[in-house]
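Biologist: I would like to learn how to read a few features of a model. Could we go through them one at a time?

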Amino acid sequence: MKPPHEPLKKLVGHPVSAIDTPALVLDLDAMQRNLGRMAEFARKHEVRWRPHAKMHKSAAIARLQMQAGACGVCVQKTAEAEILAAGGVHDIYISNQVVAPAKLARVAALAHLLAAERGQLAIAVDSGEGVTGLAQAMNAARASGATPAVIAVFVEIDVGQGRCGVAPGAIAVALAHEVRRHAALRLAGLQAYHGKAQHLRSARERREAIAGVVRDVQATRALMEAQGLKVECVTGAGTGTLVCEAASGAFNELQAGSFLFMDADYAANERDPAQPNFEHALFVKSQVMSVAADHAVCDAGHKSHAIDSGMPRVHLPEGAPRLALTYHNGGDEHGILRAAEPGGPLPRLGDTVWLIPGHCDPTVNLHDFMVGVRGGLAHGQVDRIVRVDARGAAS
Ligand SMILES: Cc1ncc(COP(=O)(O)O)c(C=O)c1O
């Protein structure tokens with residue numbers, strides 16, 4: 001059962017200082033600037049952008065992205081797609097594999113529902129079984145009287161991550177032929193996402209990794225076209241490498257998601273000069289609740305922010321005392337703050353400490369709501385409460 005929305009709603013119009021801690025806070029001005037930068041970047045490079053909504057899990061933000069020019073959104077899970085569709089998002093790509101018959105039945109039902117709304121659903125495949133199961137589910141949904149629909153299907157190729165996807169080349173082409181055998185499936189193209197390349201720290205390493213991806217895509221595309229298979233769209237890219245895919249001419253669509261909130265791990269990448277200057281927009285507001293001689297303790301532990309990509313960074317908003325602090329793991333509900341230089345000043349009891357999470361996606365998934373603020377973290381006010389609609393939607 002989600003906690004009631006009402007107490008948080010009462011914060012709207014109040015200063016940021018009124019937000020109780022720990023809380024996930026979204027700087028809406030920074031988010032809006034990131035959106036504008038992405039829209040401008042995609043326009044300049046003549047590519048579509050279909051941001052990954054697995055990051056924010058919010059129908060309101062997905063709609064905002066589409067208003068800003070995104071052609072639709074990606075999700076990773078069937079349940080995320082269902083929840084966003086119920087929230088008015090009608091162009092959704094499940095950039096992932098689904099093979100369980102019960103889930104495929106839900107995918108097919110959603111494809112028909114979205115078709116009735118003049119929207120569309122797309123999905124990735126990497127196995128013959130997946131293709132057959134999807135076709136059977138689509139046929140069953142149609143037989144049960146739903147509005148006729150086709151589902152767009154991307155053949156996923158493994159371009160270096162070693163996760164899902166068939167090998168580039170002949171195997172991918174054979175799978176594409178398999179998709180074409182079914183009337184309820186439309187071959188939409190290729191998914192080529194290299195997750196491991198996103199966090200290679202140097203821009204040169206990332207460029208080299210994506211050069212290999214582009215070679216795989218081009219070779220597979222050439223083989224497909226030689227056999228009469230149209231590749232309408234090549235989709236992929238994350239926040240770390242999007243400049244490479246966009247400039248390659250081999251990609252039609254960018255899936256990057258984290259650019260909107262920008263976490264500490266992405267900020268640790270050397271910035272490619274061509275990359276838009278995305279700002280941090282997601283923060284955990286915490287409060288110092290204990291002070292010792294050589295450390296302070298804040299009330300945000302790893303139930304407030306994910307630590308799979310490292311500890312949060314302490315953020316000093318404009319006007320905040322210039323304390324150089326590092327955050328250390330204090331467990332579920334505690335964060336240990338130490339002075340960056342031995343003997344340096346610590347925050348006082350009751351002080352606010354702002355944290356930039358190491359990894360935005362799993363951090364958002366820990367919260368029911370994000371508190372959206374405008375006018376800055378130091379002197380702004382609460383503008384709206386953003387529900388994390390698809391929190392925990394893991395199936
Ligand atoms: C298939 C796929 N596409 C795109 C992304 C988006 O990447 P990012 O949020 O790092 O920009 C991810 C992230 O894990 C992904 O798995």
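Biologist: Which residue in S4 is the bridge partner of Val73?

Modeller: In general, strands of a sheet pair through backbone hydrogen bonds, either parallel or antiparallel. Here Val73 has Ile92 in S4 as its bridge partner. Strands (E, at least two residues) and helices (H or I, at least four) are DSSP runs, numbered from the N terminus. S3 and S4 (residues 91–94) run parallel and are joined by 3 bridges; two strands pair if DSSP finds at least two bridges between them.

Biologist: What should I keep in mind about the source?

Modeller: Residues are numbered from 1 along each chain as its sequence is written. The model is predicted: local features need pLDDT of at least 70, side-chain atom pairs count only at pLDDT 80 or more, and totals for chains, interfaces and linings use all residues.

Biologist: In what order do the strands of the open sheet come?

Modeller: The order is S2-S9-S8-S7-S6-S5-S4-S3, 8 strands with parallel pairing. S2 (48–49) and S3 (73–75) are at the edges with a single partner strand each, so one side of each has no neighbour in the sheet. Helix H6 packs on this sheet, touching S5, S6 and S7, and its direction makes about 155° with that of S5. Axes are lines fitted to C-alpha atoms, for helices over the stretch in contact, and angles run from 0 to 180 degrees between N-to-C directions.

Biologist: Which residues of H6 are buried?

Modeller: An α-helix has 3.6 residues a turn, so residues three or four places apart point the same way. In H6 (residues 128–143), the buried residues include Gly130, Gly133, Leu134, Ala137, Met138 and Ala141. Buried means 20 or more other C-beta atoms within 10 Å of the residue's own, exposed 12 or fewer, and partly exposed in between, with C-beta atoms placed from the backbone. Their cover includes helices H5 (101–116) and H7 (170–180). After H6 comes Gly145, with a positive phi near 95°.

Biologist: How many residues of domain 1 are in contact with domain 2?

Modeller: A contact needs C-beta atoms, placed from the backbone, within 7 Å. By that rule 15 residues of domain 1 meet 18 residues of domain 2. On the domain 1 side, H11 gives the largest share, 3 residues. The bounds, from an automatic or database domain assignment, are 6–24 + 278–387 for domain 1 and 30–263 for domain 2. Their C-alpha centres lie 34 Å apart.

Conventions:
The expected span of a helix is 1.5 Å times one less than its number of residues. Two residues are in contact if their C-beta atoms, placed from the backbone, lie within 7 Å.
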